[in-house]
Protein chains: 2
Amino acid sequence: MNTGSRRNFILQAAALTAAPLFTNMDPLFAQPAGKKIGFALCGLGSLSTNQIAPALLKSSNCRLAGIVTGTPAKAKQWQTKYDIPDRSVYSYDTMHRLADNPDIDVVYVVTPNSLHAEHTIKAAKAGKHVFCEKPMEISVERCQQMIDACKSAGKMLGIAYRCQFEPHHQECIRIARAREFGDLKLVEADFGFPIGDPKQWRLRRALAGGGALMDVGIYALQAARYITGEEPVLVSAFETRTDPVKFSEVDESITWQLKFPSGALANCSTSYNAAGLGRVRAHAQRGWFEISPAFNYDGIAARRSDGKSLTFPAVDMFAAEMDDFARCILESKPTRVPGEEGLRDLRIMTAIYESAKTGRAVKLS
Amino acid sequence: MNTGSRRNFILQAAALTAAPLFTNMDPLFAQPAGKKIGFALCGLGSLSTNQIAPALLKSSNCRLAGIVTGTPAKAKQWQTKYDIPDRSVYSYDTMHRLADNPDIDVVYVVTPNSLHAEHTIKAAKAGKHVFCEKPMEISVERCQQMIDACKSAGKMLGIAYRCQFEPHHQECIRIARAREFGDLKLVEADFGFPIGDPKQWRLRRALAGGGALMDVGIYALQAARYITGEEPVLVSAFETRTDPVKFSEVDESITWQLKFPSGALANCSTSYNAAGLGRVRAHAQRGWFEISPAFNYDGIAARRSDGKSLTFPAVDMFAAEMDDFARCILESKPTRVPGEEGLRDLRIMTAIYESAKTGRAVKLS
């Protein structure tokens, strides 16, 4: 299969599994051909600094057009570095003025998890499309509010599930859908890392909503869902905290199992206190395929049991996901990572926490 | 650490974790120095034919001294091939006559799972030590009967957990105990294969007691226990059958999670309908180590996150485990794989089946 037809397959598969078409589209938002979509980064932490802003420079369809930050000193640095005019610099309190800025099409929300709804809703109300970091928010209810706000505003909402734009992951999805090794029976997926600074916001429940599961386990959950191409119907989970001081507010390590309608199972793990996690391995009737490392920013590698190549050139996943979102805007197409996709993960993660607490498997509708 | 001290460490660790010393030892059973322990194979299926008998030829302390079979034609073939005298050939009905045969020290029970108790008890009553294939039996009660019978007879009982005698596994146990990468937080282990002939005894509940879990999942369970060096206190599991005809009597695919007293978790999987299973991966605070493939008869390979070598020459695990059992007999030492070890796995597997059925985590005492 050549690259062209493979790409077509992936696009078709994405279209088939995407959320319902975005129907309440702003009639004024059709863009002139060749225009680069202007992104404002909302939240200038390390992810924006080290990954997203550099990716915007590499992207084809996007440009860094503005910033939203609570730290004036940061604003100055960014303005100098990226040539951002004063009129495109906002604080969290002045985000409503985005409505007057035609240079900015998308607000990319990169603030701590529990602020995503507030910043998404502000951006939508200011008439901007929203791209939002994972996890989408810290509760199903807030995810729904974000979806509703963007729908009311006639704006697109996308969740930054970067691995869905990574070619090894895309090819594994294709292998699974094409049943190249027969029906999929088991997916194993894990992600985690030993977290450092005990004072960071990721360890504070009020800002993060949860720990390893919400931050990195979500990658394993995503992989289990997009590799099987199914939604789980049953989940059970265990949680342990071996360092109750550092992990006094959020989860340290969680294992969980998912049962899918086809009978496929997924076995997943995450930890903020263990090294070497970050793999997806899919076991089908007649063979297997795996991505390892699967979720790092670079160095993604994959292999399949028949020895055929499963190697692709490295891509900047942040550039890829933003370019895709920009294309969706320019071509009035739905994104493959809509708010509904983020909400689904929140619903499942909520069930994982519930099962870990009660010791009972939780049914998912 | 040189090989000598490493070996000492492993032996010490094994001694520390072994079952209580075998106290009711037959005073007559001390063997002359240099004597090879005579094994009778009970059950001449493919495992005996292709693995165990050839391993006896390679062993240092053992010899194939007799056979127990229900098939006279097989007896003739084996007698010719291995030069076994008529007086050392038994049927399942004449096993009591083993009592009169000084050439045979050990009966190695290789019959279908649900016959292990019957054949073990017959051998013990005939005054023979017993080495028994895994799973030990199909219920905790029968395992206890086997233990009791051997204890009453003053004979050793060992379970054929061959991987405990494999150097990559032994070294991983050492790495874990020495905390070379800090505390262990998560073990992932899986084993399985697409099973062939739908008419084989392994798919019949009456003979096998269970399916993938009892046959091969037990390797993953063992690994989770000997790598952590702990006994699980909580288990939850999912089971699915996607081929209800082939798997009308026994389990096809099972995932399960274990929680250990230290807070370590294990995430395990098994299947009779998926390819590529057979790994152990251990995640500690500062690094990881893994064995993959972990459970095959050969080709075992392992690696560790710091890149240091984790490679050993291949060993015949069947020869190694029988040689060790023979040494234990010759030196009046306890085996590291006593009946109590087999019973522990049966107890946990029973809990796994219960959890898969009820959807609730099961506490283990």
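Strands β1(A) and β4(A) are paired in the parallel sense through 4 bridges, where helices (H or I, at least four residues) and strands (E, at least two) are DSSP runs numbered from the N terminus, and two strands pair if DSSP finds at least two bridges between them. Across this pairing, A:Leu41 lies opposite A:Tyr108 of β4(A). Both strands belong to an open sheet of chain A with 6 strands in the order β3-β2-β1-β4-β5-β6 and parallel pairing. Because β3 (89–90) and β6 of chain A each have a single partner strand, they stand at the edges, and one side of each is left without a neighbour in the sheet. The model is predicted: local features need pLDDT of at least 70, side-chain atom pairs count only at pLDDT 80 or more, and totals for chains, interfaces and linings use all residues. Residues are numbered from 1 along each chain as its sequence is written, while chains are lettered from A and ligands numbered from 1 in the order in which they are written.

The largest nonpolar core comprises 235 residues, of which A:Phe39, A:Leu41, B:Phe39 and B:Leu41 touch the most other members. Such a core is a set of buried Ala, Val, Leu, Ile, Met, Phe, Trp, Tyr and Cys residues joined through C-beta atoms within 7 Å. A residue is termed buried if 20 or more other C-beta atoms lie within 10 Å of its own, exposed if 12 or fewer, and partly exposed in between, with C-beta atoms placed from the backbone. Apart from neighbours within four places in sequence, the contacts of A:Phe39 are A:Leu56, A:Cys62, A:Arg63, A:Leu64, A:Ala65, A:Val106, A:Tyr108 and A:Met322; residues are in contact if their C-beta atoms, placed from the backbone, lie within 7 Å.

A:Met322 is also one of the buried residues of α9(A). Since 12 of the 14 residues of α9(A) are buried, this helix is largely enclosed by the rest of the structure. The buried residues of α9(A) pack against β1 (37–42), α2 (46–58), β2 (62–68), β4 (106–109), β5 (129–132) and β6 (157–159) of chain A. After α9(A) comes A:Ser332, with a positive phi near 50 degrees.

A further set of strands in chain A pairs in the antiparallel sense. β8(A) and β9(A) are antiparallel over 7 bridges, and A:Val235 has A:Leu258 of β9(A) as its bridge partner. β9(A) is likewise joined to β10(A) by 7 bridges in an antiparallel arrangement, with A:Cys268 of β10(A) as the bridge partner of A:Trp256. The hairpin of β9(A) and β10(A) has 5 residues between the strands, and A:Gly263 adopts a positive phi near 100 degrees there. In β9(A), A:Ser253, A:Thr255, A:Gln257 and A:Lys259 point one way and A:Ile254, A:Trp256 and A:Leu258 the other way, all of them buried.

At the interface, 38 residues of chain A are in contact with 38 residues of chain B. On the side of chain A that touches chain B, at least two residues each are supplied by β7 (184–192), β8 (234–240), β9 (253–259), β10 (265–271) and β11 (278–284) of chain A. The residues on this side comprise 12 nonpolar, 18 polar and 8 charged, with Ala, Val, Leu, Ile, Met, Phe, Trp, Tyr, Cys and Pro counted as nonpolar, Asp, Glu, Lys and Arg as charged, and the others, Gly among them, as polar.

Chain A is superposed on chain B by a rotation of 180 degrees with 0.0 Å of shift along its axis (RMSD 0.0 Å), the relation of a two-fold axis. The superposition is by least squares on the C-alpha atoms of residues with pLDDT of at least 70 in both copies. Among the residues of chain A, A:Arg360 comes closest to the rotation axis, at 2.2 Å (C-alpha). The same surface serves both copies, as 100% of the contact residues of chain A recur in chain B.

How values were computed:
Contact = placed C-beta atoms within 7 Å.
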